[in-house]
Structures are given as C-alpha cells and as structure tokens.
Amino acid sequence: MTAGKIRSCRQCFLLLVWFFLGGLGIGPVALADSPAIAVIYPDIREPYRGIFLKIIKGIENKLKKTVKIYPLEKDYDIEAVKYYLRKAQIQGVIVLGSRGLSAAKDLQFMFHVVVGAVLISPNGEDLTGISLTPDPAILFQKLLEIDPRIKRITLIYNRDQTEWLIERAVKAARFYSIEINTFPVENIREAATLYRDILQHLEEGKDAIWLPQDSTIDEQAILPLILKKSWERNLAVFSSNLAHIPRGALFALYPDNERMGQSLAALALEEIKNNKRSIGIIPLRDLLTAVNTRTADHLGLNLTSRMKQNFDLSFPAR
C-alpha cells in the first residue's frame, strides 16, 4: 500500500472516530471541562451529616466528577467562604440546609447559586433552588393511587409560607378531577378554629385532609386533634411531613436525597449554561413514599401486594 493510501485510510479512520465519539456525546464539546461547582453544607453530626453526603453523592453522579465541598460551621466567616470559592475558581455553588440558605444570600451576586435541602418559598427571593416541599401534583397522584375514592381535598395553610404552592395545587387538582378547598390563615389559633369546624363536615370515603409543611400544624395540640377526629370519622389524612406517619397519617412523601442531588446539579448547570442569576424556587419532585398500613386497614383500603412492595417505608414496621 502506498504512503498516500495509508494517509488516506488514517484520515478516514480518524473521521469515523470523530463521528462515533460525537454520537456518544463525548466528542470535543462534551470532553471540554464542565463548570467548576462547589457544595456548601452545614458541618453537623450524624445522622444529619449522612443526609447531606447522600445529596452530594447525587450531585457528583450528575456531574460525573467530584466537587469541592465546604462544610459550613455554625459561626462561619462569609469572607473566608468567598475567598475559598474564588481561589478554587468556582463558577457555581450548591448550598444545602438553612445555614447554606443564609450564605446563599451573600454569595448570589458573585456566583451562580442553587439552594436545596431546606424549606423555602419564593416570597420575593431572587434565588434558584428546590424546596423540600413536595410537589402537589405528585402528592395528589399518590393519594388517588392509595385511596381512589377521594373526591375532595381540604388544605388549611399559612399564607406567608405556603401561598406559592396554591396555584400549582389547584392546577393539579383540576388535572386529577378532584376538588380542593384551601383556607389561608395567619396563625395557629386561626388554624385550630378552622380544623375544629371543618372536621365535623367532612365525609368518609370522599374527603381527604392535606397537612402542609408550615406553622399551621402544631405538633402538640392541633396534630393530635386532626388525627384523632379523622380516625373516629374514617377520614384520610396525608402529609408533606414524614414524621406524621408513625402518628397515624395515611401517607407522606419525603425526599429521595440522591435524586434530589442530581436535580440540584442539573439546575446549577442550567443556570451556568444560560448565564442566569435566578431560575426560581420549585417544589420537590424527587420523592419517596411512606405509608401507615394500620391506618389504611382502618380506612378499609385494599393495598395490593404490588402496592406494598412499591412503598419505600411502611409503618408499623413488619
């Protein structure tokens, strides 16, 4: 074979490799360095530390590389945090927990910042992130899977903390052809009065009560009242708080921490790619399901073996 033919064959081979790698998404563009992203999380003890590390694992899985991490002490120095991030040439920062949220407000004008693993509502905040509040659409979908008899949902909520979810909830209820009655309140006293009145008028097999993650649910007084009356009247109660399940709520949705980490990483990449400073706050869609089977039995619900296998947590433990 002549030198010219060998050179021609080599060029054809390299061209094929070029197209092959490009087709797999690992061509020159994909091989370019991805943005430098750091994760800031509270420096706390186990078991809570393990939750944040699980989220970081999800972030790294999405980015396909390790990230710079910065454990945030209780009395952190924000200037030291900024120095660390600048020195590492960080472009995007994912902040976790309430301590991270506090730092985010100081960092958002210097870096692309995404907030996660904290209960947060937009309320005029110019931030990007995922609240720990479950998406109403997924809550309603799970409700109807577990109890398809439900036709109406009642929600009593704190106006300041939960108002941002109401439009989403109304749209989700319309999509699933169920009615939703929402009652905004300003404080626990108003919530307690409403619960005492409304619980008397709800119908077995038709009505469900949604317990939000806000200050309307007093764990010592209001929650026992709701669960006691709903048990006596055979009413379904579902919650955005996992802690309500052992106490008698029918089901709750809670975070899938690793998948949530992947979603936070995707948001960070989107914000950096589009050079945006805020995409907004969205509810959590990376969710697991916990069910109280004793409550389900009490309500006469037929939970199939397949349904039980798909629950991530069941109470009481068997």
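Are H8 and H9 roughly parallel, roughly antiparallel or roughly perpendicular to each other? The first legend below gives the answer, and keep in mind that this is a predicted model throughout.

**View 1. Helices H8 and H9 pack against each other.**
Here we zoom in on helix H8, which covers residues 188–198, and helix H9, which covers residues 222–232. Angles under 35 degrees count as roughly parallel, so H8 and H9 are roughly parallel to each other. Who's touching whom? On the H8 side, the contact is made by Ile 188, Ala 191, Ala 192, Tyr 195 and Arg 196. H9 brings Ile 222, Leu 225 and Ile 226 to the contact. Sort the residues of this contact by class and you get seven nonpolar, no polar and one charged.

**View 2. The largest pocket lies between domain 1 and domain 2.**
This pocket has a volume of about 590 Å³. It is lined by 27 residues, and the closest to its centre are Tyr 48, Ile 51, Ala 117, Leu 132 and Pro 255.

**View 3. A closer look at the lining of the largest pocket shows which elements build it.**
Helix H3 (48–63), helix H5 (97–107), strand S5 (128–134), strand S10 (251–255) and helix H10 (257–273) are the elements that each give two or more residues to the lining. H3 gives the largest share, with four residues. By class, the lining has 17 nonpolar residues, along with seven polar and three charged ones.

You'll find Pro 47 in the loop between strand S1 (37–42) and H3. Pro 316 belongs to the segment after strand S13 (313–315).

**View 4. Gln 89 has a positive phi.**
What is the phi of Gln 89? It's about 55 degrees, although Gln 89 is not a glycine. To spot Gln 89, look in the loop between helix H4 (78–87) and strand S3 (92–96).

Notes: Residues are numbered from 1 along each chain as its sequence is written. This is a predicted model: local features need pLDDT of at least 70, side-chain atom pairs count only at pLDDT 80 or more; totals for chains, interfaces and linings use all residues. Side-chain values use heavy atoms; hydrogens and water are left out. On a 1 Å grid over the protein atoms alone, a cavity is a set of points where a 1.4 Å probe fits but cannot get out, and a pocket is an open set with protein on both sides within 12 Å along at least five of seven lines; lining residues have an atom within 4 Å of a point. Grid points are joined across faces, edges and corners, and a volume is the space filled by probe spheres set on the points. Ala, Val, Leu, Ile, Met, Phe, Trp, Tyr, Cys and Pro count as nonpolar, Asp, Glu, Lys and Arg as charged, and the others, Gly among them, as polar. Domain bounds come from an automatic or database domain assignment. Axes are lines fitted to C-alpha atoms, for helices over the stretch in contact, and angles run from 0 to 180 degrees between N-to-C directions. Angles under 35 degrees count as roughly parallel, over 145 as roughly antiparallel, 65 to 115 as roughly perpendicular and the rest as oblique. Contact means heavy atoms within 4.5 Å.
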